[in-house]
Each structure stands twice: as structure tokens, then as C-alpha cells.
Amino acid sequence: MAMLATASVGAVWSVVNTDFGPSGVADRFAQIEPRVLFVVDGYEFGGSLRDMTGSYAGLLEVLPTVEQLIVVDQQPRDKVGALPEGSLRFSEISGRDVTPRYEQLPFDHPLWILYSSGTTGKPKGIVHSHGGVVLEFLKALGLHANLGPEDIAYYAVATTWMVWNMLVGILLTGSRIITYDGSPVYGGPEKSLELAARNGATFFGTGAGVLAMMQRAGVVPNVSMDLSALKSILVTGSPLPDATWDWVYESVSDTVRLGSDSGGTDVTSAFIGTNPYQPVYKGELMGPYLGVDAQSWDREGRRVYDQVGELVITRPMPSMPVFFWDDPDGSRYHAAYFDMFPGVWRQGDWVTQLSEGPFMVHGRSDATINRGGIRMGSADLTHVVDQVDGVAASMVIGAELADGDYYMPLFVVPQPGTRLTQELEERIVRAIREKISPRYVPDEIIEAPAVPRTRTGKLLEIPVKRLFQGADPSSVNRATAEDAEVLDWYAEAARKYTSGA
């Protein structure tokens, strides 16, 4: 409601998760100097209520430009603290009977500010336009996702991820949307599908990690749930493991249309992905989105097929950013996308475009594993490792070192209550040798407490890689991490490695 109201009057919207601390909020919001700040009084997560009223003073201290605090009051008043003097309750504002006023705006008027991951510094403010976003959403959601007034759609997503913006955009198609405020595993790993079943969702969108988590947990939703209304599932955020593709058709629905899309915060949309008319093949993205000239290029800027290359976009899209915040000469914008191929957008993903047209996504190009000049996406390796019995999660990096050497450690999180034994290491190595290649057996397998992720669930492979290449730990933004202590563990592991300890 707040986002739509902001857009309707021509103001600029920005949002982060409620669990961000003042420093994480300041990294994003202080640079854009907000005048109105919406906060929640509290929220429930994992069965417990978290009172957020105590954070307001710290937020206002790091955001001195705020003139009005509006509290989204959704908890019983006796369960949370008192509100600051001068703040307004959202329930009182939204309950007023007023006639909406819609500002008429130019196509390129700023709509919202999203943020880069901020893994190696303060996140960059990415500004999108009203016209660009509306065109992209009508195309992506109305045509590619095939949503219309008869549909009920659910995206399992946090507000910091650009897919939340797409969730709101579904309203453009006339579909009804399901929103959920809580843990994606509350009551069991199948929580998201339970919500979809209970509400008769025809469309379910989620991150690949959510489905892979359910698959590894061994749940069989179609035995206990009625998912007959579900027509399509869309996954994004990272490549979907082959085993999870199989699990969807075996344990969720054998008639659902499973699609994988790849896009980014950069455009609040997708570059390549699914559509309602082409057949589904495991591990493949059907092709470029309408109006997107997506190609795979080698390092010399030549288009390539059936081999790994850089994902590039050779012509403009409507929802490419109108500018970066506080980037008056456009230099940061240019460096982010056009540094490698002048005049051509480089997304930073490794892809293979098959000669028949479909794409396969292998992961971030700067997190690529390179053994003897043979490149492979890190996700290709961790997908195999994660299927080994006894492994809860894994992450691999390939660090090019100053002396010309190459270090490739594999970090493994064992299943709860277990340790990384020699027998488990041997099974991991055997799986890599048999399912990928002996070339990609890691230099070292290291037991880790967890894999480091951003608050939107993406692996922090790149900053960890840079730490092992000797980067100063202070150059890594801890505020962007889902768990800063996990990131600290990797920083210490890197320090010991680089010092020879």
C-alpha cells in the first residue's frame, strides 16, 4: 500500500528488510536522504514476536533527513514498546476516506531505488523509471508468466529482493496476490508450497534455494497437499540443480510448468527465461525475453554457442537504470556494466547458449572456477556436492593468486550434529570425479559453520574469494551479510591462509 501510494504521487520509493540494523539501513538509505520513513512496530518470525520499536532512535540518528516517521502497526499494542512522539500510525492514515490523486509523470521519472549487493563496499543506488518498469512488468508477468485476472500468484520473497517489486507488479495483470510475513520454513521446509496449496495459487515464484532445500529435506508435497490449481512454478536467483528439477515433477506436480528465469536487480526483470509456448527441458532457460538481445560472448567480444561465455545485452531495454544515485557523470554506471565491452551491457553471469537457442546459467562470471583454462560455474560443482549424503550446504571459490598460483578450496557444512569425516570427504571427492571431472577436485575441503549469504540469499563467493587473494577484511561490507559472524569466520580462515598460519 505504501509503495503504490508513493508511486501515485510521484515520490521515490525504496525498501529493505525489517531485520536490517541501523548500519545496514544507513548504507542504503542515508545516501538517498529520505524525508518519510516507514517502519514496523514488530513482526513474527519462527514463532516469536520481535519488537522493533527500540530501533527507531538508532534509525533516526543515522537518517537525519527524515521529517516524518510512520509506524506500520500490526502487533497488539501491549506486546510492543511505545511509539515516539510525532510519529503516525499507518492504520490511522490508511483508514481515512480520501480521494486518490495521481500525478502525471514523464516516462523516465524515478519510480524506486534498488541496491547492488554491496559485497565490497556501500551498495549502489539503482534508479528505475515508471515507464520502463511498467513495460517490463506487463511483458514479464503478463506475457512470459502468462498471468491474468483469473490467476492467484504467490512469490516467496523478502522485501530487499527485487522479486518483491515484481510481486507488487503482478497487480498490473489483474491477478490476485498472496503475501506472507514470516519464516519460509516455519512449521516445516514445505511452508511455501503449503501456502500456495491452501490459497489455491495458480502461479508460484521462488528462489532456487527454497526448492532445493525442500528437495534435500525429502518432503513429498503432492502426497499431503492439494496442488491441483498450480499451473506454473518460476525459479530464479541462482541455477536450479538437476535433482531439484526432477523432484518438482516427481513430488510436486507432474503437470506443472517449471521455468527458470535469470535477470537482476539491475533491471527489475529478467533477461532470459521461460515462456508459455516452448517445451521445458531440465536445466535449460528457453531463451531471451521479448525485446532482449541476450547473447553469449567470449572474452574477445565474439558471439559463441555451445561453450561458456559472458551474458551480454547488445541493445537497450526499457527498464535499464535511468541512473545510479549520486553518480552525476555516469561513471559508476558505466563501470558497472560497460567496462569490458564498450557500448554493450555485461551482466556478470557465465552462460552457455545452445545452438538451438536455449541458455544454461552457470553462476557469476567473477566467481567462476578456472582449472587450467577450463572454466566452470561454481554452482555446477556445489550442486553435485550438495547432493552427497551428509552435506547440508557447500561453497567453492577459485582464487587467482599473485604468484600465478591458483587456490580452490571447497567449504562444506555437514548435516546438523555431524562432522566432516574422512569418509565424507572421500564421498565428496568421488562424486566430483564421477559427475563432473577429476580436474575439479578441490585443493582442500574445509568444514565450515555455514555458507555466507547476503540478506537476499545470494552466496558471498566473490568477497570471500577476494579475501583469499589478500584483500583487507575491512573492504567487505559486513552489514550486507545475513550473518556477519559467518562472514567473520571466512575472513579469519582467509587470514590464516594468506599468512601461512
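Helices here are DSSP runs of at least four residues, numbered from the N terminus. With that in hand, welcome to this predicted model; each stop below gives you something to select.

**Stop 1**

Select Ser192, which you will find in helix H7, residues 191–198. Is Ser192 buried or exposed? Its relative accessibility is 2%, and because buried means under 20%, Ser192 counts as buried. Now show what touches Ser192, leaving out neighbours within four places in sequence: the contacts are Tyr154, Ala156, Pro184, Phe204 and Val210.

**Stop 2**

A pair of aromatic rings is described by the distance of the centres and the angle of the planes. By the ring-pair rule, the model has 24 aromatic pairs. Tyr154 and Phe204 make one that is stacked, with 5.8 Å from centre to centre and 20° between the planes. Colour the strands to see what this pair links: Tyr154 belongs to strand E8 (residues 152–155) and Phe204 to strand E10 (residues 203–207), distant parts of the chain 50 residues apart. Both Tyr154 and Phe204 are buried.

**Stop 3: another stacked pair**

Move on to Tyr407 and Tyr497, which also form a stacked aromatic pair; their centres are 4.0 Å apart, and there are 10° between the planes. Tyr407 is in strand E25 (residues 406–407) and Tyr497 is in helix H15 (residues 484–499), so this pair ties together parts 90 residues apart in sequence. How do the two residues sit? Tyr407 has a relative accessible area of 7% and is buried, whereas Tyr497, with 30%, is partly exposed.

**Stop 4: a cluster of rings**

Next, select Phe271, Phe324, Tyr333, Tyr337, Phe338 and Trp345 together. Ring pairs link these residues into a cluster.

**Stop 5: strand E26**

Switch to a cartoon view and pick strand E26, residues 409–414. How many of its six residues are buried? The count is six of six.

Strands of a sheet pair through backbone hydrogen bonds, either parallel or antiparallel. Strand E23 (residues 391–396) pairs with E26 in the antiparallel sense over five bridges, and Ser394 has Val412 of E26 as its bridge partner. Strand E27 (residues 444–447) pairs with E26 in the parallel sense over four bridges, with Phe411 opposite Ile446 of E27. Trace the chain from E26 through helix H13 (residues 422–435) to E27, and you follow a right-handed β-α-β crossover.

**Stop 6: a four-stranded sheet**

Select strands E16, E17, E19 and E20. They form an open sheet in the order E16-E17-E19-E20, with antiparallel pairing. Which strands are at the edges? They are E16 (294–297) and E20 (359–364), each pairing on one side only. From one strand to the next, the twist averages 45°. Zoom in on strand E19 (residues 345–353) and E20, an antiparallel pair with five bridges; Val351 has Val361 in E20 as its bridge partner.

**Stop 7: a three-stranded sheet**

Then try E13, E14 and E15, an open antiparallel sheet in the order E13-E14-E15. Here the edge strands are E13 (262–264) and E15 (287–288). E13 and strand E14 (residues 269–273) share three bridges, and Gly264 stands opposite Ser269 in E14.

**Stop 8: two helices crossing**

Display helix H8 (residues 208–217) and helix H10 (residues 242–252). They pack with their axes 9 Å apart, at an angle of about 75°. An angle from 65 to 115 degrees counts as roughly perpendicular, and H8 and H10 are therefore roughly perpendicular to each other. The contact is made by Leu211, Ala212, Met214 and Gln215 of H8 with Ala243, Thr244, Trp247 and Val248 of H10.

**Last stop: Lys465**

Finish at Lys465 in helix H14, residues 461–468. Buried or exposed? At 9% relative accessibility, Lys465 counts as buried. Leaving aside neighbours within four places in sequence, Lys465 is in contact with Asp366, Thr368, Ile397, Gly398, Ala399 and Glu400.

Technical notes
Residues numbered from 1 in each chain as written. Predicted model: local features only at pLDDT ≥ 70, side-chain atom pairs only at ≥ 80, totals over all residues. Heavy atoms only, no water. Phe/Tyr/Trp six-rings, centres within 6.5 Å; stacked < 30°, edge-to-face > 60°. Buried < 20%, exposed > 50% of the residue type's maximum accessible area, 1.4 Å probe, protein only. Pairing = 2+ DSSP bridges. Axes fitted to C-alpha atoms, helices over the stretch in contact; angles between N-to-C directions. Right-handed = clockwise from strand over helix to strand, strands pointing away. Contact = heavy atoms within 4.5 Å. Parallel < 35°, antiparallel > 145°, perpendicular 65-115°, else oblique.
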